[in-house]
Amino acid sequence: MKILVAVKRVVDYNVKVHVLPDNSGVDIGTAKMSMNPFDEIAVEEAVRLKEAGKADEVVAVSIGAAKTLDTLRVAMAMGADRSIHVTTDAALEPAAVAKVLAKVVQSEQPDLVLLGKQAIDDDASQVAQMLSAYADMPVATCANKIDLEADCVTVERETDDGSMTVKAALPAIVSADLRLAEPRYVTLPSMMKAKKKPVQAVDLADFGVDVSARLTTLTVQEPPARAAGVKLNNVDELIHVLKNTAKVL
Ligand code: AMP
């Protein structure tokens with residue numbers, strides 16, 4: 001049983017990014033970067049499945065510039081056995097990422113592919129679904145529980161209406177939601193050990209896939225500033241405001 005986990009290096013969730021003066025994007029020049037939080041959850045789940053004896057190997061894969069190797073090292077410090085680093089300085093759109101991951105799936109032949117439900121930088125939430133189409137594999141998104149068996153996977157998914165349980169034959173793709181697993185703390189000794197784990201670097205160009213952009217960013221803007229709150233003195237004032245200003249009563 002082999003699990004492939006896709007991890008993306010993104011701006012750390014604690015960083016407040018600022019829009020570039022020409023509105024072409026956000027300034028991430030010197031920002032702290034980390035593994036996408038949903039991908040940390042996916043790695044944790046993959047490692048737990050291995051620790052539970054349900055998987056034999058966990059392989060992390062990431063597409064990105066040289067520094068992406070740091071993110072893969074974190075995945076290996078968490079317990080991934082080895083990594084594949086698809087090197088490129090270009091920022092790929094979700095469809096291009098899915099095409100490249102489909103090639104990795106073709107060569108690695110994993111039984112289960114785990115991804116985050118969305119990357120917190122583009123908030124696209126598209127790669128798992130597109131990979132399902134390109135790799136012709138079933139996909140269950142937003143998982144908060146995974147039950148892996150030899151030939152199938154049962155996934156409990158979070159939906160707006162409650163929880164939905166689905167089952168898919170392997171090989172399958174699952175994307176991780178917030179409550180799937182709590183990522184472990186990465187210790188210094190585990191980081192040192194991770195440095196000895198194998199990383200296969202492959203140039204994006206070697207995949208021979210068309211990763212050209214299909215979207216043009218017209219403008220990027222800061223969200224509108226929130227109006228300051230009002231402090232009320234008593235419940236009567238609150239009811240008055242709710243009735244006459246907010247008009248919700
Ligand atoms: P998105 O559809 O862009 O919100 O991303 C969903 C998931 O796809 C992420 O949580 C990652 O698991 C995976 N992913 C996106 N971009 C990359 C990348 N450059 N390298 C590896 N995995 C990625």
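Aspartate 123 is found in the loop between β8 and α4 (127–135), where helices (H or I, at least four residues) and strands (E, at least two) are DSSP runs numbered from the N terminus. Phi of aspartate 123 is near 50°, a positive value in a residue other than glycine. Aspartate 123 is partly exposed, because its relative accessible area is 46%; the cut-offs are under 20% for buried, over 50% for exposed, and partly exposed in between, with a 1.4 Å probe and protein chains only.

The model is predicted, so local features need pLDDT of at least 70 and side-chain atom pairs count only at pLDDT 80 or more, while totals for chains, interfaces and linings use all residues. Residues are numbered from 1 along each chain as its sequence is written, and side-chain values use heavy atoms, with hydrogens and water left out.

Consider the whole protein next. The protein has six helices and 13 strands. Its C-alpha atoms fill a box of roughly 65 × 45 × 40 Å, taken along the principal axes. Of its 249 residues, 41% count as buried. The protein exposes about 14,300 Å², and carbon and sulfur atoms supply 53% of that area; accessible areas come from the Shrake-Rupley method with a 1.4 Å probe, and for residues only the protein chains shown count as cover. Among contacts (heavy atoms within 4.5 Å) between residues at least 6 apart in sequence, 70% join residues at least 24 apart.

The ligand has 18 residues around it, and Asp39, Ala119, Ser125, Gln126 and Val127 come nearest. A residue is near a molecule or strand if one of its heavy atoms lies within 4 Å of it. By class, this shell has nine nonpolar, six polar and three charged residues. Here Ala, Val, Leu, Ile, Met, Phe, Trp, Tyr, Cys and Pro count as nonpolar, Asp, Glu, Lys and Arg as charged, and the others, Gly among them, as polar.

Which atoms lie beside oxygen atoms of the ligand? An N or O atom in the side chain of aspartate 39 is 2.5 Å from a ligand oxygen. Taken alone the ligand exposes 490 Å², of which the protein buries 98%.

Helix α2 (residues 68–78) is mostly covered, with eight of its eleven residues buried. Among them are Leu72, Arg73 and Met76. Glycine 79 follows α2 and has a positive phi, near 140°.

Cysteine 142 lies in strand β9 (residues 139–148). Although not a glycine, cysteine 142 has a positive phi of about 55°. Cysteine 142 is buried, because its relative accessible area is 18%; cysteine 152 is also buried, at 8%. The structure holds zero disulfides, a disulfide being a pair of cysteine sulfur atoms within 2.5 Å.

Proline 171 lies in the loop between β11 (162–169) and β12 (172–176), and a cis peptide bond, with omega about 0°, joins leucine 170 to proline 171. Alanine 201 lies in strand β13 (residues 199–203) and is exposed, with a relative accessible area of 59%. Alanine 201 and threonine 87 are 114 residues apart in sequence, but their C-alpha atoms are 6.7 Å apart in space.

Conventions:
A polar contact is a pair of N or O atoms within 3.5 Å; within protein, one must be able to donate a hydrogen and the other to accept it, and residues adjacent in sequence count only if both atoms are side-chain atoms.
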